[in-house]
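Dear colleague,

Please find below the structure that I am handing over to you. My findings follow directly after it.

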Amino acid sequence: MKKNYLRIAALLAAVVSSTSAMAIDPPTIAQELVDGATYTLINYAKPDLYLSRTSWDGAYYLLDYGSSNCKSYAFVARKDDDGWYFNSTDSTFIGYGVGLSNLNGNLTQAAHFIITPSADHPGFYRLVNATDHPCEGVHGLPVHLSGGGQYLVSTFNGNQFFPDYMGGVEMMDDNTTPYVDPETGWIHPLNADHELWAFADTAHVANYHQHMQLYTLITGVESQRLEVPEEGFAAGWQAWVDAATLLYSKEEVTQDDYNTATQMVDAKNNLYNEIKKAQAMLGESTNATFKAAIAKALQTFCTVTDPDQQAAAQNELIYAEVEFNGGKGDITNLGQNMSFEDLSAQGGAEATGLGATPTGWNAYVNGKQVTTADEVRATGLTTWYGVNSDSEGESKDGNLAFGIWNQSIPEFEISQTIDGLENGTYHIEAAVMVGANGDGSRRTTQRIFGNLNSTLFGLESEYDASLIDAHEVLAYANNSELTTDREMQNMACDAYVYDGTLTFGFRTNGNIAAAKRTTANPQGGDGWFKLDNFRIAKMGYVKDDALNIYNFYFDKLMAFNDEKMQESVAVDLQNTIDNNYVDDDADPAAIDAAIMACKNIITPVVNSVNLYKKLESALEEHYQNLNTYALYDGIDAYRQVVEVEAQDLYADGTAGEEEINAIIAKMDAALEKCKLGGVKVGSEATALIKNPSFEDLTAQGGAGSETGSVAAPPTGWTLTLNGDVQDATTINGYNMAWCGINNGDAINVTDGEGNTHTQQPTDGTHLWGIWSSNMPEVELKQTICGLPRGTYQLRANVMVENNWAGNNVTTQRVFANSCVQMWGGEGDYIDNITPDMQQAINFDALNADTLKHLTYAGYTCESGDETTSLLKPMALYFDVQADGTATIGFRTNGVNKEGGTFANSTAVNGAGWFKVDNFRLFFINEDSHVSGISSVNTDNGQPIVGQEYYTLDGQRIAQPHKGVVIVKNRLANGTVKVGKIFVE
């Protein structure tokens, strides 16, 4: 149902025509014209529009207050012997250029105006062009508004837009040719009020605008409601006018004052409409109770202006309407903004991108409430969220609808709650758009809901109910998914109220499997929707609906009886089952009490069952690991934790969430310690890398980002972008098109050795990567601790593709501790040397070690080379020192060898993009490139005449620090000796 909100824009037109009849005077801003003062112009016919200029030719026009920055277009008034002229803020002059009828601020010479005050409207002036304007056609003509009421012009015969005059001009008998006065050579305007201008100080504009908004609102109500008073209602409208006039009379009117007035008048309108509806419903009936309810609401209307009291009176009247209809009836007006026609949360404008959550509604993305556009953006939605007019259909109401479109759709709910209801069944309807495109379906779990009841958009056969929230009692709308992005279809849901409250709304997510689909839409958007026109009717008490809810939950609880859960929860479950059994003969109160008891216990039961399943799954995995690592040092300690501590805790059944999570963490730690015991010279140590081939999708909810979306950083890895560590939320703030794990592209490529490749991943079925037009500074890393000291090799496979944009080589590289290998050749790195590359270069320049810290894989990324779509092997050697740690990973950015970026139009779109897979670690030998060195030879006793100290990454330091330090000795004979020392 549409609420009858006042349309402020519609009232603006009444300001001038009704001014003389109003009880309040319009606001004034006019200043006396003073030589040297700075002004903006206000037009008499458009008093709440403000001066602006076009960016391309400097022509003046009027805009609403929110769009115009009149301070930027102010001008200085000057007077000399020839009259008044005006300087623009950029030191040019205002006037009419050659052949132009639009007032312009770009003249290089002063152009004068003859200014005369209005006799009828104090503070306003008529501006007539003098004869020194470059456009001869405007000489002697007044400055006025164009036909559209926006541009400042002087229309003249011969100009292409003639007669360009607001309100029209006198025409010849043919009604197509303007009449031109033979004496003056000019037209006869039908209304010359818009030839009048006030000179205003820009410092006063903000307060004037607030006054003008409130003046428009007050005078609009006076003209619509009080000029021809409606019997019984005039006192109420006058009470609002009196209250709003008090606000208007303040010297400084604020936005809060205006908001207060609009809230009061909106509440007044809503109560008025409800009273009129109730009066029509009463008709010829003599029902004394309903008559009294109407009279009470009318009394409130006539004497109260407080919005909350008026809303309470409206709700009370709605309940009386339902009672009058035998316990049934429309209660839609108890909801807020049910057809999304209220745009106040979006600043009065339609959302073309990300807007705020609509007024009156609560929205949740992945369980987190979002209200502002910034909060919406932080959840990863990037494309469209909000209310606009891009929808249609018979089930629509009004012009607007709410919706979401995004490449990937998260868990989403929009809802509101009505309380104080009688228990019973409530029928909810809404208009919903679920639309396919030419590439296929986008149906997932789009559904409307009320309390525990939900209705899915399509047919029952099209859904896997086990993949939809187990707390919802499901029904099906049986709609067919159209190929559309506009057409809305009706959906209905019968919701049972058991505790006096009704929470209703809409839910969706991007789970295609729940809709029995196996392939995501190639264009994305699975789960998107548009939503409008919620309606609610009370249906009275329907026992079958109550029993349906009860049986649903009771059956679920019975099914949990055989599941493993915490002992205390199992006791509560059994007590609930024993104490809350009802049958078909039970009274409504007993059924409602049983529903609430079952509903309240089901969440802790589900949580406990899932927790013990988590422990059970962890135990199964660790039992397998006991066999895998049976010959490793440390297996006995690991076995003790798994087979004794964890198994006993599971069997005991008294542990809660904290204890179970702790024992799982303890098993994981014991496994890592056991793995370290298997690190031997010449062995592979890849088992120590968490998720080395990105086959673990848990961070992404178990699904790959196949359609191109941004997912949480992969399990086991730390991702930093531009130096900031990312999580599932913050990662969405970088406008990346794809960041996540997926199956790679389908390829058919033959490499140089004649091998044919049909998939990109090189180990398993998944890989990880990023594509972004403007690639940030990317680092994906993890740290392995407890390693034996020695030399290791890190391997990985990396793709840098020459795609539709071109050569994408920037700084893609793998690293381990201070050693780096670049994907390309040495010539690919000129003006894009990164800090870690420079440190490695500095170190290698010292010739202090046989281990090269910077190496090059030497790959090329040439156009036409289809093998660039393959992930190619990279490998580097690195040291692990006495601390036993190895930090490994991948880095890149968007800077090419010329120092160019896509943002500066000096690199290709997506420069720096990559895919990476199959990290592996090998323990090569126990030789440490810093061990055993305690001094630096001095070449036959030559005295040292100078010393320099460096860190292991080549950075010069003033004094040696604790640990390994590189020292460069300059000897008396001119030679230089470089080595390493270990400082205790």
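I begin at the surface, with glutamate 658, which is exposed because its relative accessibility is 70%, over the 50% that the term requires. Please bear in mind throughout that this is a predicted model. Glutamate 658 lies in helix α13. A negative surface patch includes this residue, together with Glu567, Asp648, Asp652, Glu657 and Glu659. Two elements each give two or more residues to the patch, namely α12 (635-652) and α13 (657-676). The largest share, three residues, is that of α13.

As to the overall architecture, the chain contains 14 helices and 45 strands. Its radius of gyration is 38 Å, well over the 30 Å that the globule rule gives for 984 residues, so the chain is more spread out than a compact globule. The C-alpha trace spans about 110 × 95 × 55 Å along its principal axes. Of the 984 residues, 50% count as buried.

I then turned to the charged pairs. Side chains of opposite charge can pair when their charged atoms come close. The structure holds 29 salt bridges, and the following may be of interest to you.

One of them joins aspartate 390 to lysine 530, with 3.4 Å between the closest N and O atoms. Aspartate 390 is in the loop between β16 (384-388) and β17 (401-405), while lysine 530 is in strand β27 (residues 529-540), so this pair ties together parts that are 140 residues apart in sequence. Aspartate 390 is partly exposed, its relative accessible area being 32%, whereas lysine 530 is buried at 3% relative accessibility.

Another salt bridge is formed by the side chains of aspartate 745 and lysine 915, at 3.0 Å from N to O. This pair links distant parts of the chain, 170 residues apart: aspartate 745 belongs to the loop between β30 (738-742) and β31 (746-750), and lysine 915 to strand β41 (residues 914-925). Aspartate 745 is partly exposed, with a relative accessible area of 38%; lysine 915, at 3% relative accessibility, counts as buried.

In a further salt bridge, glutamate 948 meets arginine 956, and the closest N and O atoms are 3.7 Å apart. Arginine 956 is exposed, with a relative accessible area of 55%. Finally, a network of salt bridges links Glu779, Lys781, Arg813, Asp836 and Arg891.

The backbone also deserves a comment. Most residues other than glycine have a negative phi, and most peptide bonds are trans. Which residues are joined by a cis peptide bond? Phenylalanine 162 and proline 163 are joined in this way, with omega at about -5°. Proline 163 is located in the loop between β11 (152-153) and β12 (196-200).

Positive phi values should be noted at two asparagines. Phi of asparagine 735 is near 55°; this residue lies in the loop between β29 (724-725) and β30 and is exposed, with a relative accessible area of 67%. Asparagine 918 has a positive phi of about 60°. Asparagine 918 is part of strand β41, the strand that also holds lysine 915, and is buried at 10% relative accessibility.

With kind regards

Methods. Residues are numbered from 1 along each chain as its sequence is written. This is a predicted model: local features need pLDDT of at least 70, side-chain atom pairs count only at pLDDT 80 or more; totals for chains, interfaces and linings use all residues. Side-chain values use heavy atoms; hydrogens and water are left out. Patches are made of residues with over 30% relative accessible area and no salt bridge: like charges are joined within 9 Å, nonpolar side chains (Val, Leu, Ile, Met, Phe, Trp, Tyr) within 5 Å. Accessible areas come from the Shrake-Rupley method with a 1.4 Å probe; for residues, only the protein chains shown count as cover. A salt bridge is a side-chain nitrogen of Lys or Arg within 4 Å of a carboxyl oxygen of Asp or Glu. Lys and Arg count as positive and Asp and Glu as negative; His and the chain ends are not counted. The place of a charge is taken as NZ of Lys, CZ of Arg, CG of Asp or CD of Glu. Helices (H or I, at least four residues) and strands (E, at least two) are DSSP runs, numbered from the N terminus. Buried means under 20% relative accessible area, exposed over 50%, partly exposed in between (1.4 Å probe, protein chains only). The radius of gyration is taken over C-alpha atoms; the globule rule is 2.2 Å times the number of residues to the power 0.38.
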